[in-house]
Amino acid sequence: MRETKQWLGLYAAPGADGKYGTSDDQRLNTTIWGYGLVDQNVTYPGPTFIAQKDIPIQVEWKNNLPQNGHLFPIDTEQLHDPLLKTALKQKLVPTVVHLHGGHTMSASDGIPEAWFTQNYSLTGSDWIQKTYTYDNNHQGEAAAFWYHDHTDMITRLNVYTGLAGFYLLRDNNENNLINNNVLPSGEYERELLIQDKKFTTDGQMFYPEAPNTNIPGVPSRTGSYGDFILVNGMAWPKLEVEPRKYRLRLLNGSDSRIYRLQFYNSEKKIYLIGTEQGFIKNPVALNSLVISPSERADVIVDFTNDAGKELILRNSSPGANANTTGQIIKFKVSKPLSPVPIATVDTNEEDGLATPLRSNVITFPIQNAPTRQLVLFQLRENENHDLFLLGTLKNGSFRYRDPVTEKPVLGTTEVWEIYNPSQYIHTIHIHLVAFQVLNRQKFSGNLVTQTDPIKGETKQFLRNVNLTGNPIPLEPYENGRKDAVVVNPGEVVRIIATFDRPGEYVWHCHILIHEDHDMMRPIQVVQKPA
């Protein structure tokens with residue numbers, strides 16, 4: 001991890017003639033923090049790992065950031081961890097890397113208190129080792145993971161600086177699909193990291209914390225939204241492509257923004273072939289695809305009949321500006337068709353999109369432990385901030401540092417019911433496991449706010465829960481193995497997962513500004529009692 005300057009596609013403001021320049025000398029270079037091999041330049045996003053299933057690798061993440069403080073202002077008095085306060089007051093930068101989606105032992109998972117500063121001069125309470133081991137033995141098949149910073153209470157800021165990158169895990173099945181030209185590969189397989197950002201007038205990153213628009217004038221931590229869309233560190237880029245099929249590995253790396261991706265007027269289908277934790281059974285044709293923070297989608301886009309066209313992948317989510325946040329990337333089908341054979345993955349809907357993608361059928365594990373009922377709370381603090389908390393249906397809301405309540409027994413398979421009585425959408429990510437979504441359903445209930453007589457803290461409870469209607473069918477992009485799931489307001493989502501490694505982990509909202517303000521809880525996977 002180092003600091004550098006990188007061109008993110010920005011130019012200087014108009015001159016006296018009112019015209020924007022696009023010459024090299026008018027480019028605005030932006031200070032970023034990036035990842036890179038020790039003998040190479042760092043970049044945003046960081047370099048892509050390509051690993052093989054069941055072949056472990058070891059990585060030492062070296063913090064070589066400048067020792068002159070963070071790129072963004074931090075109110076250290078709001079931090080819970082005195083060690084973290086000390087580090088930041090000394091102008092050190094705490095970092096820790098989480099392999100998101102990985103089936104990783106606790107010591108290498110990158111949990112929030114495993115942070116370390118430059119030269120390991122200060123370390124968090126859960127820091128154990130310099131070298132991380134990634135076993136690459138996760139519960140699914142080949143998949144696209146990503147790595148990003150996960151430092152306690154400053155994850156949103158560290159990721160915003162540029163500390164994120166892809167991690168592709170291959171297996172024999174995927175290798176066969178590539179080698180037999182079923183799937184596009186090489187330059188026809190592209191990772192696309194989508195993030196929104198704000199910038200100052202001189203092209204430097206600015207981190208915005210959005211106000212609560214429902215109650216004018218009241219500050220809150222409801223979200224962070226930028227007005228520039230970047231793909232792989234470039235604002236509104238253009239990708240020149242051949243008239244053939246491309247495989248796009250899509251990742252929403254934004255802090256808070258949810259995207260509904262589609263081509264204009266759905267003139268071109270997106271063919272889903274995989275979710276966060278691997279392939280689905282066969283390709284599925286989609287008019288649009290919703291992808292929330294941390295979610296990934298493995299898709300095929302077929303440009304075979306589009307020679308000479310320009311096609312813009314758009315964001316049609318509510319509130320998107322058609323000229324800014326409503327545009328993601330332009331594909332210009334201008335390159336001549338090379339002699340490389342076009343991939344044979346099926347994009348012909350008339351024959352039912354029959355290409356088999358998996359080497360085995362996805363089956364649901366069998367539940368052998370009690371159902372866990374969890375709640376996503378939204379609590380108004382005395383200083384008029386919205387505090388987003390996690391908790392249980394029985395015992396109400398908890399802060400991140402409260403005692404552990406989620407203690408799955410090693411080897412058990414649990415169903416989690418996650419209730420969202422708040423007014424906001426949340427994306428829930430669980431470390432360690434590849435889970436499957438069972439269903440979602442509407443509910444009603446009463447929120448009760450009380451003061452804890454011992455701690456003096458405000459707690460919230462969800463009472464009188466009543467399920468309404470029938471379970472809602474899942475979207476096609478929710479049917480594979482996943483590690484993050486959207487939970488809409490007034491909805492309970494049920495997932496099933498097997499906890500097969502012991503140790504300390506966390507689960508949290510992956511809207512990073514929520515995660516950093518206590519919407520995260522520890523998990524302790526415990527040994528089965530004798």
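User: Happy to look at this one with you! What is a salt bridge here, and how far apart are N and O in the one where Glu113 and Arg401 meet?

Analyst: A salt bridge is a side-chain nitrogen of Lys or Arg within 4 Å of a carboxyl oxygen of Asp or Glu. This is a predicted model, and in it the side chains of Glu113 and Arg401 form such a pair. The N to O distance is 3.1 Å.

User: Thanks! How many residues apart in sequence are the parts that Glu113 and Arg401 tie together?

Analyst: Glu113 sits in the loop between strand E5 (97-100) and strand E6 (131-134). Arg401 belongs to the loop between strand E24 (396-398) and strand E25 (413-420). The pair therefore ties together parts whose separation in sequence is 288 residues.

User: Is Glu113 buried or exposed?

Analyst: Buried means under 20% relative accessible area. Arg401, its partner, has 40% relative accessibility and counts as partly exposed. Glu113 has 6% relative accessibility, so it counts as buried.

User: Which strands hold Arg249 and Asp298?

Analyst: These two side chains meet in a salt bridge at 3.4 Å, N to O. Both Arg249 and Asp298 are buried. They tie together parts 49 residues apart in sequence, because Arg249 lies in strand E14 (residues 245-252) and Asp298 in strand E19 (residues 296-302).

User: Which residues do salt bridges with shared partners join into one network?

Analyst: Arg249 and Asp298 form a salt bridge, and both belong to this network. The network is built from salt bridges that share partners. Its members are Arg170, Glu174, Glu189, Arg247, Arg249 and Asp298.

User: Where does Glu457 lie, and where is Arg399?

Analyst: Glu457 forms a salt bridge with Arg399, with the closest N and O atoms 4.0 Å apart. Glu457 is partly exposed at 31% relative accessibility, while Arg399 counts as buried at 17%. Glu457 lies in the loop between strand E27 (436-451) and strand E28 (458-472), and Arg399 in the loop between E24 and E25.

User: How many salt bridges does a search of the whole structure find?

Analyst: Side chains of opposite charge can pair when their charged atoms come close. The search of the whole structure gives a count of 35.

User: Turning to the nonpolar side, which residues does Ile430 contact, leaving aside neighbours within four places in sequence?

Analyst: Ile430 is among the residues with the most contacts inside the largest nonpolar core, which has 49 residues. Trp416, Ile495 and Trp507 are also in that group. Leaving aside those sequence neighbours, the contacts of Ile430 are Trp416, Phe435, Asp483, Ile495, Val506, Trp507 and Ile523.

Technical notes
Residues numbered from 1 in each chain as written. Predicted model: local features only at pLDDT ≥ 70, side-chain atom pairs only at ≥ 80, totals over all residues. Heavy atoms only, no water. Core = buried A, V, L, I, M, F, W, Y, C linked by side-chain atoms within 4.5 Å. Buried < 20%, exposed > 50% of the residue type's maximum accessible area, 1.4 Å probe, protein only. Contact = heavy atoms within 4.5 Å. Helix = DSSP H or I, 4+ residues; strand = E, 2+ residues; numbered from the N terminus.
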